[in-house]
Amino acid sequence: MSAASPVPVSARLRRRSMLASAVGNGLEWFDWNIYVVFTAYLTANLFDQGDPGSALLLTLAIFGVGFVFRPVGGMLAGILADRLGRRWVMIATMLTMSAASLLIALIPDYATAGVWASVLLLVARLAQGLAHGAESTAGYTYIAEIAPAPRRGLWSSTLAMGVLVGSMLASGMGWALTTALGPEAMGAWGWRIPFAVGALLAIVVMVLRRTMMETEQFEQELRPEAAPVRDEPLAPGERRALWWASVRVFWFVAAITIVFYTWLTAASSLATTQHGMDPAAALASSFAAQALCVCLMPLMGRLSDRVGRRPVALAFSLGFVVLSFPLMGMISSEPWTLLVAQSIALAFVACGNSIYSALLAEQFPTRHRARGIGIAMSLSVAIFGGSVLYLNQWLTGQGLQWLFVLCFVLVCLASAVAVWRMPETKGVELRRIGERDEAGEPAGARG
């Protein structure tokens with residue numbers, strides 16, 4: 001394939017594009033999580049209160065439907081990003097998320113609109129699911145492709161930081177609004193504020209993203225003029241390499257997913273429901289551990305640029321293989337136990353999440369990168385993300401939490417094997433991914 005001559009890109013434009021990508025990714029997670037934070041108010045206002053228990057289940061079911069649509073958005077974004085450009089998809093995700101959040105903010109309550117209030121919430125959540133899945137696929141591809149090769153791990157950590165900061169801001173806004181307005185005002189109209197804020201911020205980010213650069217890999221290899229080369233059929237060896245790359249990514253993402261939803265999203269609520277910990281103390285302990293994780297992520301990303309992706313990713317996977325049973329067993333009704341256990345766990349989470357987008361992008365050649373990430377990641381998240389919390393709660397209720405932890409360990413062990421089979425790709429130019437040297441080894445050195 002003859003590459004076009006590279007177009008010089010200023011360091012300032014590259015950094016501004018990184019910022020727009022990271023801020024937008026964080027906002028996506030803010031919008032995604034405020035639904036969870038304000039579930040009680042959505043239930044009370046948009047569903048029939050003749051049966052409050054049923055209304056709550058319907059609200060949670062709509063949350064689950066949004067989750068199911070995330071992989072649809074991821075797969076669709078992978079196809080479009082490889083054909084139309086990464087930047088175009090990332091602008092579209094902001095527009096979709098803004099419209100969905102605005103719709104939730106403006107939905108008339110059940111007393112006014114009847115069942116249409118619930119229907120409109122479902123439509124909005126489906127749109128959020130599509131946008132969230134699309135943002136993950138396009139964003140992870142984009143940040144890896146615009147990053148300087150020697151600092152790709154560090155730049156990739158900015159997206160991981162955005163995920164956590166966006167989630168923390170959603171919880172913080174819930175606490176701040178409830179404290180400032182009180183339950184009566186929150187129930188009447190205050191619950192609409194975070195959705196309106198999310199919609200307005202998404203418009204700001206969308207404007208920022210209009211000035212982002214398109215990635216050089218797309219411009220040189222996937223632009224419309226390169227369509228004949230881009231669409232040429234896969235050779236058998238190339239197809240086999242893509243298959244195994246997808247399998248390795250699937251298991252790495254599986255471990256990231258179960259760890260994320262167990263130790264980041266649900267740790268405080270699980271400590272409360274399963275161990276009787278005071279809810280306020282559990283939230284405070286969890287918030288402190290998450291802040292530590294945010295601080296560690298750029299350090300772990302930079303470390304991967306120095307020692308390699310595989311050692312850092314193996315530290316993540318094997319760390320949970322060894323420590324899952326001790327950390328889970330440490331948590332009791334005392335808040336300090338959650339603080340210590342979650343802080344240790346999130347230190348290892350920082351190893352995996354900080355290099356997430358770099359590691360995924362480095363497994364696929366440019367013309368299949370977004371699709372490869374979108375399909376492998378989306379299937380893994382759909383299978384493991386959609387079941388991990390339910391399985392944890394159900395097995396714990398049966399007195400079998402040890403069985404959940406065993407499943408947890410086995411997935412992390414599979415991730416360690418997958419990472420071990422990955423070529424070391426730190427510092428490799430992304431255009432060389434898929435190439436082989438004279439010895440037949442993939443671009444990058446085996447560790």
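What is the volume of the second largest cavity? The second largest cavity has a volume of about 100 Å³.

## Basis of the report

This is a predicted model, in which local features need pLDDT of at least 70 and side-chain atom pairs count only at pLDDT 80 or more, while totals for chains, interfaces and linings use all residues. Residues are numbered from 1 along each chain as its sequence is written, and side-chain values use heavy atoms, with hydrogens and water left out.

## The chain as a whole

The secondary structure of the protein chain consists of 19 helices and 0 strands. Helices (H or I, at least four residues) and strands (E, at least two) are DSSP runs, numbered from the N terminus.

The protein chain has 447 residues, of which 53% count as buried. Buried means under 20% relative accessible area, exposed means over 50%, and partly exposed lies in between (1.4 Å probe, protein chains only). A contact means heavy atoms within 4.5 Å. Among contacts in the protein chain with a separation of 6 or more, 85% join residues 24 or more positions apart.

## The largest cavity

The structure holds 2 cavities of 30 Å³ or more. A cavity is a set of points, on a 1 Å grid over the protein atoms alone, where a 1.4 Å probe fits but cannot get out; lining residues have an atom within 4 Å of a point. Grid points are joined across faces, edges and corners, and a volume is the space filled by probe spheres set on the points.

The largest cavity has a volume of about 310 Å³. It is lined by 23 residues, and those closest to its centre are Trp29, Arg70, Tyr140, Tyr356 and Val381. Several helices each supply at least two residues of this lining, among them H3 (52-84), H6 (115-146) and H7 (152-188). By class, the lining has 12 nonpolar, 10 polar and 1 charged residues. Here Ala, Val, Leu, Ile, Met, Phe, Trp, Tyr, Cys and Pro count as nonpolar, Asp, Glu, Lys and Arg as charged, and the others, Gly among them, as polar.

## The second largest cavity

The residues that line the second largest cavity include Thr262, Trp263, His275, Met328 and Gln401. H12 gives the most, with 5 residues. The lining has 6 nonpolar, 5 polar and no charged residues.

## A buried histidine

His132 lies in helix H6. With a relative accessible area of 1%, His132 is buried. Not counting residues up to four places away in sequence, His132 touches Glu28, Trp29, Trp32, Arg70 and Met97.

## Aromatic rings

The whole structure has 15 aromatic pairs. Rings of Phe, Tyr and Trp (its six-membered ring) pair if their centres lie within 6.5 Å; planes under 30 degrees apart count as stacked, over 60 as edge-to-face and the rest as tilted. Phe250 and Trp251 form an edge-to-face pair, 5.3 Å centre to centre with 85 degrees between the planes. Phe250 is buried at 17% relative accessible area, whereas Trp251 is partly exposed at 30%. Ring pairs also link Tyr140, Phe252, Phe316, Phe320, Phe348, Tyr356, Phe404 and Phe408 into a cluster.

The charged end of Arg125 sits over the ring of Tyr35, 4.3 Å from its centre. Likewise, the charged end of Arg310 sits over the ring of Trp420, 4.9 Å from its centre. A charge sits over a ring if NZ of Lys or CZ of Arg is within 6 Å of the ring centre and within 35 degrees of the ring normal.

Key:
1 Å grid on protein atoms, 1.4 Å probe; cavity = no way out; pocket = protein on both sides within 12 Å on 5 of 7 lines; lining within 4 Å.
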